[in-house]
Every structure is written in C-alpha cells, then in structure tokens.
Amino acid sequence: MIVSMTGIVKRYNAHTALDNLDLTVNEGEALGLLGPNGAGKTTAIRVLTGLTTADSGEVKLFGSEMRGTAAAIKKKIGLVPQDLALYETLSARDNLNYFGRLYGVTGATLKDRVAEALDVLGLSDVAGKAPKKFSGGMKRRLNIGCAIIHKPELLILDEPTVGIDPQSRNHILDFVELMNKQGTTVLYTSHYMEEVERVCSRVLIMDAGRVIAGGSVEELTRSTLIEETVSVEVRDPAPSLKESISKVQGVLRCEGEGRTLLVTSKADSQNLARILECATPYVILGVEAHRPTLEDAFLTLTGKKLRDGNET
C-alpha cells in the first residue's frame, strides 16, 4: 500500500472539507478520484502531500507517517497541481533542469531525463522557448514534465487537463498511461469521466468530504444500476405497440416516436424476451442494449454532475 489516509478531518471555520476520510492507493495502480465541486478532492491531495495539515487522522506514505517536512517521502512524489507551477521566463528546458536539481538530479542523468521528458510530452521543438509564449495545453504538458523529472514512485495529478486542446489532452493521457505501465503509482482527479475511465483501474467517488463508493468502473456501474434501457427499432409500428410494451412486467416507461422505441425497465428485470414478443407482429430492424456509464453511477450516488471550476 503506497497511500493510507485514515479518519482524516479538515475544517475551515464552520466548513468541514474532509469528514473522516479514508482513502488508500495500492502500489502500481492508477486510482481515479471523482467528486462534485466542493467534495474535498483537492483538500485531500493537499493533506496527502503535506501542503495542508489535517485537524485529525493519520496519513501514511510508503509505510511511513507524513510528519514535518518529510523530505525523504516527498522525494518519491510527483505532484501536478491545478495551478501551473512554472517559471514563465525560463525556457522549457531550463524549467525541467531547475526542478530536476531541486530533487537532487544532476549531471548526465538530468540531461537524459530532460531530453526524455521533452520528447515524450511533445515539447522537443520548443525546448528553448519560454512557457509564457506557450498555449495552455503546452504549459500543462511542461507542468507534468517538471513533476516527473525525478522519476517519482507516486504521481498525483489534480485536474491536469482543464481548459486545454484535444491534442494536448491526448498527449497527457498517453503519458499517464505510459508512466503507470512502467510501474508508477498514479492518483488522478478529473472532471472528465472519459479520462478516468481510460486511465484508471480503480475509481473512488467522494462527496461531502468522504469516500462514498469505490471499485472498478464495471463494479461501480453494476452496483448502482437501478434501471436498464434498451432501444427497439421496428418497421411501421402501430401506436398500440408502445402500450403493449409498457404493460410488460418490469417496464417503467416506453418512449419514442416513429419506428424506434426506448424501453426503460427496473434493473435485473430480465424482460427483453417479453418485450420482443410484443414486437413480433412487426419486422424488427434492430435491438440495442444501452450499457450504464461511470457518469450514470456518479449521478446515482451523488445526485450531482461534475462541473468545471475550483473547489475547496
């Protein structure tokens, strides 16, 4: 276990940002942390990395308690914060060199790692330019490079793709996947469900300062599924077809106009055969089951949507 946060409480005056939070990250996994604005994700990361002190609870990293400066522990961590941590007037190469030296990387090793980071993140062509001239996506990529120049064992990314172009987003996601495949443990927060589904092997959902659910994407969607939806396309259906399907046991509603009907049933109704039986007087052109998504699970658990913006 790389990360263990137990019973973490953090209050800001009357506001409780973390409410007895329990969170673990296992070695080698890519863990996604999801939550609506104000759920406490960023506060959890700040407590985890020692940037903020919890009011109570225990934080362990690599088996040791996070106390004081904990320099030896922090050298094993790479943090990509929401706000860019770059020197705008230094070149991309000089930024990487600077942060590398802060972590004790020097000489030929540093030179090789700078070249590798520039190449993998698609910044080799602009290595000599200052990030003040970069697009938002290029700055985000360089920000990640500065966080991994020392080859951290744990990489923490807090909303690393906010407000960037699709090309830069793909660069970042490809890079995170590569780091994880090479053995780096990843903790990833995002407002974009598809990123978490792509990058993460396990997902925790936070709300009101605590973890309310966790598991693989499949486990979360299966455990929270309360409805199942199937679309049935038939040739020249009569109005009575919708009424007939609505009467099938387990069906909650049957909607749609024209030849495509959307049928929603209670989960595990196992009534597809009976629905199709209603449609047998017609030519069935197609049947498609709609698989639940991570967003469906998130909405069921929190009653909220993920939204862009800052949070506590």
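At 31% relative accessibility, Glu88 counts as partly exposed. Bear in mind throughout that this is a predicted model.

Glu88 has a partner. It forms a salt bridge with Lys139, and the closest N and O atoms of the two are 3.5 Å apart. Is Lys139 buried or exposed? Lys139 has a relative accessible area of 17%, so it is buried, because the cut-off for that word is under 20%.

I will go through two others.

One of them is between Arg198 and Asp174, whose side chains meet at 2.3 Å, N to O. Again the pair links distant parts of the chain, 24 residues apart, with Arg198 in helix H7 and Asp174 in helix H6 (residues 166-181). Arg198 is partly exposed, with a relative accessible area of 33%. Asp174 is also listed as partly exposed, at 43%.

The other is between Lys242 and Glu257, with the closest N and O atoms 3.5 Å apart. Lys242 is in helix H9 (residues 239-246), while Glu257 is in the loop between strand E12 (251-255) and strand E13 (260-266); the two are 15 residues apart, and the pair links distant parts of the chain. Lys242 counts as partly exposed, at 24% relative accessibility. Glu257 has a value of 70%, so it counts as exposed, because that word applies over 50%.

Six strands form an open sheet in the order E6-E7-E8-E3-E9-E10, and the pairing is mixed. E6 and strand E10 (210-215) are the edge strands, each pairing on one side only. From one strand to the next, the twist averages 15°.

Inside that order, look at strand E3 (residues 30-34) and E8. These two run parallel, and four bridges join them. Leu33 stands opposite Thr189 in E8.

Helix H8 (residues 217-224) lies across strand E9 (202-207) and E10, at about 105° to E10.

Last, Ser190. Where is Ser190 found? It is in the loop between strand E8 (185-189) and helix H7 (193-199). Its relative accessible area is 1%, so Ser190 is buried, because the limit is 20%. What does the side chain of Ser190 reach at 2.9 Å? It reaches the backbone nitrogen of Tyr192. The side chain of Ser190 also has a polar contact of 3.0 Å with the side chain of Glu195.

Notes. Residues are numbered from 1 along each chain as its sequence is written. This is a predicted model: local features need pLDDT of at least 70, side-chain atom pairs count only at pLDDT 80 or more; totals for chains, interfaces and linings use all residues. Side-chain values use heavy atoms; hydrogens and water are left out. Buried means under 20% relative accessible area, exposed over 50%, partly exposed in between (1.4 Å probe, protein chains only). A polar contact is a pair of N or O atoms within 3.5 Å; within protein, one must be able to donate a hydrogen and the other to accept it, and residues adjacent in sequence count only if both atoms are side-chain atoms. A salt bridge is a side-chain nitrogen of Lys or Arg within 4 Å of a carboxyl oxygen of Asp or Glu. Two strands pair if DSSP finds at least two bridges between them. Axes are lines fitted to C-alpha atoms, for helices over the stretch in contact, and angles run from 0 to 180 degrees between N-to-C directions. Contact means heavy atoms within 4.5 Å.
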